[in-house]
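Here are some notes to read alongside the model. Have it open as you go through the points.

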Amino acid sequence: MDRRQHEKARQVLRLGRRLHPVSLTLQLREAQFMAVTGQHVKAVPRLKRLLEFEPHNDEIHTALAGIYSQMQEHHLAIHHLKAALKTVDAEFRQDVLLDIAFEYEHLSDWRKAVRYLQEALTENPLNEGAVYELSFCFEQLGQFTDAVKYLEKFLDDQPYSFGAWYNLGNIQSQRGRYHDAIEAFDFALAIEDEFAPAYLQKAEVLMQLERYEDA
């Protein structure tokens, strides 16, 4: 399944079900296989039946959440992701938190998305993708001051996060704080000197300051 070798996966599942017809784990894999091959209508009832046997199985909940998300049933996806969050292993907790945040983004519920993104970053401050998403949500809310406060506090703890410096530069630019924006972009480039977006955004700010040759 991970290698997208669907025919081989189908053969393994067929053999596995013959050898172990009552295995709940194999039934879960079969339902997951149905989901990744577009058989959502068949996968959902199977997963719900498995949930009756193992109501606290986070894999079943995340599988259902993935299907409901693809079906644009975001409230149902969130319900199952929150259920998974109660029992998921610590190493996967940040992934579930991010998935919940993305579902809230689909619903344009930016405040709740911010909450779960912040929690995900508490779990793993090195997740640059979460920093970008969080900055985007703050922008959607028009909370530029709150975004600056959060990013500055975040950078006190994670000073080498070039993504945080870059996003801080973007937000300062939108606030018209051009010199602060340049400083933030410079920090981003000092950490990651081949990060092209930071060069482009810095050039835009320099143009706003009419420093065309520097731009």
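1. A definition to begin with: buried means under 20% relative accessible area, exposed over 50%, and partly exposed in between, using a 1.4 Å probe and protein chains only. E210 sits in the segment after α12 (196-208), where helices (H or I, at least four residues) and strands (E, at least two) are DSSP runs numbered from the N terminus. The phi of E210 is near 65°, a positive value in a residue other than glycine.

2. A word on provenance. This is a predicted model, in which local features need pLDDT of at least 70, side-chain atom pairs count only at pLDDT 80 or more, and totals for chains, interfaces and linings use all residues. Residues are numbered from 1 along each chain as its sequence is written, and side-chain values use heavy atoms, with hydrogens and water left out.

3. R4 also deserves a look. R4 is not a glycine, yet its phi is positive, about 60°. For context, most residues other than glycine have a negative phi. R4 is in the segment before α1 (6-19) and counts as exposed because its relative accessibility is 68%.

4. On to helix α4 (residues 58-70).

5. Now the two ends of α4. At its start, a side-chain oxygen of N57 comes to within 2.9 Å of the backbone nitrogen of E59; a polar contact is a pair of N or O atoms within 3.5 Å, and within protein one must be able to donate a hydrogen and the other to accept it, while residues adjacent in sequence count only if both atoms are side-chain atoms. Following α4 is Q72, with a positive phi near 65°. E73 lies in the loop between α4 and α5 and is partly exposed at 39% relative accessibility. E73 and R93 are 20 residues apart in sequence, with their C-alpha atoms 22 Å apart in space.

6. What is buried in α4? The residues are I60, H61, A63, L64, A65, I67, Y68 and S69. Their cover includes α2 (24-36), α3 (40-53), α5 (74-85) and α6 (90-106). Take H61: its relative accessible area is 5%, so H61 is buried. Leaving out residues up to four places away in sequence, H61 touches L51, P55, H80, A83 and A84, where contact means heavy atoms within 4.5 Å.

7. How do α4 and α5 pack? Their axes come within 8 Å and cross at roughly 165°; axes are lines fitted to C-alpha atoms, for helices over the stretch in contact, and angles run from 0 to 180 degrees between N-to-C directions. The two helices are therefore roughly antiparallel, the word for angles over 145 degrees. The crossing is left-handed, as when the near helix is turned anticlockwise from the far one by less than a right angle. D58, H61, T62, L64, A65, Y68 and S69 of α4 meet H74, L76, A77, H80, L81, A83 and A84 of α5.

8. Finally, α2 and α3: these pack at about 155°, with their axes 8 Å apart. That makes α2 roughly antiparallel to α3. The contact involves residues including L24, L28 and M34 of α2 and L47, L50 and F53 of α3.

Conventions:
Angles under 35 degrees count as roughly parallel, over 145 as roughly antiparallel, 65 to 115 as roughly perpendicular and the rest as oblique.
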